[in-house]
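Reader: I'd like to learn how to read helix packing and pockets. Could you walk me through it?

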Amino acid sequence: MRVLIADNQPQVRRALRVLLEQDSQVQIAGEASSVRGLLLQMKSTAPDLVLLGGNLPAMALDELLPALRRANPKLRVIVLSTQPELGPAALAAGADGFLSKTEPSERLIKAIQDMKREKR
């Protein structure tokens with residue numbers, strides 16, 4: 001599974017990369033620190049899954065998620081945020097999953113494994 005990490009915080013991207021590199025079935029397709037970078041990476045990397053920081057500036061989730069789906073209709077998206085109350089809005093906007101950044105890393109690993117099993 002090819003995963004694109006999109007978050008405006010370098011330490012979050014680095015931590016996610018280290019976590020994901022432990023899974024031999026996950027390949028890091030790239031990283032993006034902005035919506036513009038994410039959209040460019042989508043074209044050049046063709047990821048299966050985007051781990052999307054809910055705090056990327058410049059575009060609301062209800063606009064960004066459809067744009068990502070237009071770029072890749074089979075794309076899966078998990079939104080990550082420090083604000084758990086954003087979960088319902090992220091899911092309503094079309095995210096396949098939502099996790100709080102404060103949850104244990106095992107929850108993210110399980111969500112990614114579930115995505116691998118449930119390919120679109």
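Reader: Which way does α2 pass α3, in a left-handed or a right-handed crossing?

Author: Handedness tells you which way the near helix is turned from the far one. In this predicted model, α2 goes past α3 in a right-handed crossing.

Reader: At what angle do helix α2 and helix α3 pack?

Author: Here you look at the angle between the helix directions and the distance between the axes. Helix α2 (residues 35-45) packs against helix α3 (residues 61-71) at about 15°, and their axes are 10 Å apart. Angles under 35 degrees count as roughly parallel, so α2 is roughly parallel to α3.

Reader: Which residues of α2 and α3 meet?

Author: From α2 come V35, L38, L39 and M42, and they meet L64, L68 and A71 of α3. Sorted by class, this contact of α2 with α3 has 7 nonpolar residues, with no polar and no charged ones.

Reader: How do the axes of α1 and α5 cross?

Author: Read this pair as you read the last one. Helix α1 (residues 10-20) and helix α5 (residues 105-117) cross at roughly 65°, and their axes come within 11 Å. The crossing of α1 and α5 is right-handed. On the α1 side, L16, L19 and L20 make the contact, while α5 brings S105, L108, I109 and I112. By class, the contact of α1 with α5 has 6 nonpolar residues, 1 polar and no charged.

Reader: Now the pocket: what is the volume of the largest pocket, and which residues lie nearest its centre?

Author: The largest pocket has a volume of about 230 Å³. Its lining has 13 residues, and L16, L80, K101, E103 and L108 lie nearest the centre. α1, β5 (97-100) and α5 are the elements giving two or more residues to that lining.

Reader: Which element gives the largest share of the lining?

Author: That's α1, with 4 residues. By class, the lining of the largest pocket has 8 nonpolar, 2 polar and 3 charged residues.

Methods: Residues numbered from 1 in each chain as written. Predicted model: local features only at pLDDT ≥ 70, side-chain atom pairs only at ≥ 80, totals over all residues. Heavy atoms only, no water. Axes fitted to C-alpha atoms, helices over the stretch in contact; angles between N-to-C directions. Parallel < 35°, antiparallel > 145°, perpendicular 65-115°, else oblique. Contact = heavy atoms within 4.5 Å. Nonpolar A, V, L, I, M, F, W, Y, C, P; charged D, E, K, R; others polar. 1 Å grid on protein atoms, 1.4 Å probe; cavity = no way out; pocket = protein on both sides within 12 Å on 5 of 7 lines; lining within 4 Å. Points joined across faces, edges and corners; volume = space filled by probe spheres on them.
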